[in-house]
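This report describes a model of a protein assembly, taking one chain, the contact between chains and a surface region in turn.

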Amino acid sequence: MREAAPRDPTAATLAAGGAVRLTRTRGGSFGKLRTEEWQAFGFVLPLVALELLLVVVPLGLSFYYSLYRVDYFELTQFRGFGNYWRILSSPMVQASLVATVIFSVGALVLTLTLGMALALHLERDSRWNVATRAAALVPYVISMLVGSLLLRWIFSRDSGVLAMVFGPFGLGELSVLADPNTAMAALIFNAVWRDNAFAMILLLAGLKSIPPQLYAAARVDGAGAFYRFRRITLPLMRLPILIAVVRLLIHFVNVLTFALILTGGGPNQATQTVGLAMYRLGFIDFRMGEANAMAFLVFLFNLVLIGCNLLLFRERRRVA
Amino acid sequence: MSRPDLRSRPWRRRIALRRVVNALINLTIMVFAFGPILWGLSTSLKPSADILAYPPTLIPERPTLEHYELLFRTGIERPILNSAIVSAGSVLACLVLGSLAAYALARLRFRSKGTLMFCIVALMSIPLPSLLVPTFMFLANIGLNNSLTGLTLLYTAYQLPIAVWVLYSYIATIPVELEHAALIDGYSRLATLRKVVLPLCGPGLVAAGLFVLTFAWNDFVVAVAMTSSEDVRTLPVAIYGYLGFYGRDWGPLTAAAIVSTIPVIIVFVLFQRFFLSGMTSGGVKS
């Protein structure tokens, strides 16, 4: 007897790497639930139930709530897509979109560049390099809140750190967090400081899978360091780089802790990113209907990125 | 004889120079990463009068623990305890529920397993901020907002996919034959998992547990959105409160930051190879 239902092709390829092949039921047993299958359902039940209840249901509800005017958790008036219209025409939200684009692009480019430089520099597994990698990862493992708080102290005028650094250049009176442009630069710095080692780890795994013979051969042919990087490293690192790009973008587009703690979204909303605007609508202004509409829109955008992530994930498993 | 003589003076000098440059770069990386933390530590040890002194000094001239004393006098123990409870609870829940699901995925045959794996990977990449607003309303409707139980459940739900993934990858590397022996001896599946598989899963359990632990201990956005009253504040939410309360008084603020950071750094130093193995296996949100 052949397998009854054609399986989801994406799932099939995703599964192709592991023991999952065994899901194909053999012989004539299809259609009858075996004890093993019942047991398996029991084993995964808590996982499925918890994710449905606390992730899938809230996401569904956010669409439902977004169609209403909400006053203190009471759905008072049906607005249809009125909340979406309010959101998209609100100057605060539009400004937050601009801020998010500037922040995400800036942080992504710098994080990736620095991460790549670190990965190249620390590629060899010497003891000193391993220690440096671990040290570089510390800003990533400590709390985001604490990291941003410490940077806020450094960037504040009271600490005198920046005055000491920039004083000799005649910029002693510089107040970084009070000017829209430098505040955005500080926000991007915060992201780069925290996440560059995360990019490094993702890229390092890719670097190590490049066979060293390729470099040796290129060297024999007289290729210089830059040429080797351009013609061997970059093409072979396509997948790890794309994975890092997508995962960093998902993070940067949504993150709100950096902006909330470091700049508070200011000055004059110049650093208020989408994540922070959403938080503000929901938890400070208590405009839950609009906040849910915004959350749903942001989630739709994330869905695109998550889709890319899944495709890359599948491709990597096929390669590996 | 066209090979360069490696012992000749210019060559030795070039190699030595390269070593020095490499070491300097490594040192710069460390300073870049640690600088803000060390500066915070230094500030937290200075008396208030010295904190605003210009030019600033890295080494406190008159070191004092007064800011830490102030924090513990004004009850920072409660948020620390809350954070510990929530972290321990979510680690335990994630490991128990995670190893059940991971075992089923690695060893049992059942329909729609591929779909389930696909969903787990998708769940790992959902960013939390887009969930905050609807989750808050949902929790408020079922009466779980503003409670440590609710927070623990949320952390478990958010980290369970990663825990399952790490454990699944680990169980897949353990030879199946041992389990067959146990099953033939009449062990149930559950007993096999508990008595044969889990004892061999040490490193996998540690890696999964570490991710959940650091996430729960560090999390700020979920906790600040879901809790409002004083007695269920976790440590990061308390620190955020201090930011409003102490304002420009950076002594207690940096002291609180250091109190929250030290346990993380200790755990990270002790277990860093588990972190790295887990990070490259594909899970882990940034």
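Contact here means heavy atoms within 4.5 Å. The model is predicted.

## Fold of chain A

The secondary structure of chain A consists of 14 helices and two strands.

Chain A has 320 residues, and buried residues make up 51% of them. Its accessible surface comes to about 14,900 Å², and carbon and sulfur atoms account for 66% of that surface.

## Interface between chains A and B

The size of an interface is often given as the accessible area lost when the parts come together. For chain B and chain A, the buried area is about 9,500 Å², with 75% given by carbon and sulfur atoms. The contact involves 104 residues from chain A and 100 residues from chain B.

Polar interactions are also present across this interface. Twelve residue pairs, both members at pLDDT 80 or more, are in polar contact between chain B and chain A. The two chains are also joined by two salt bridges. A:Glu36 forms a salt bridge with B:Arg109, in which the closest N and O atoms are 4.0 Å apart. On the side of chain B that touches chain A, the largest share comes from H1(B), with 15 residues.

## Helix H1 of chain B

Which residues does B:Pro36 contact, leaving aside its neighbours within four places in sequence? In chain A, they are A:Leu150, A:Leu151, A:Ile154 and A:Trp193; in chain B, the partner is B:Val31.

## Nonpolar surface patch

B:Val31 also belongs to a nonpolar patch on the surface, together with A:Trp128, B:Val20, B:Leu24 and B:Leu27. The accessible area of these residues together is about 470 Å².

Which element gives the most to the nonpolar patch? The main contributor is helix H1 of chain B, spanning residues 9-44, with four residues.

Technical notes: Residues numbered from 1 in each chain as written. Chains lettered and ligands numbered in written order. Predicted model: local features only at pLDDT ≥ 70, side-chain atom pairs only at ≥ 80, totals over all residues. Heavy atoms only, no water. Patch = residues over 30% accessible without salt bridge, like charges linked within 9 Å, V, L, I, M, F, W, Y side chains within 5 Å. Areas by Shrake-Rupley, 256 points an atom, 1.4 Å probe, with all protein chains shown as cover. Salt bridge = Lys/Arg side-chain N within 4 Å of Asp/Glu carboxyl O. Buried area = accessible area lost by both parts, 1.4 Å probe. Polar contact = N/O pair within 3.5 Å; in protein donor to acceptor, adjacent residues only side chain to side chain. Buried < 20%, exposed > 50% of the residue type's maximum accessible area, 1.4 Å probe, protein only.
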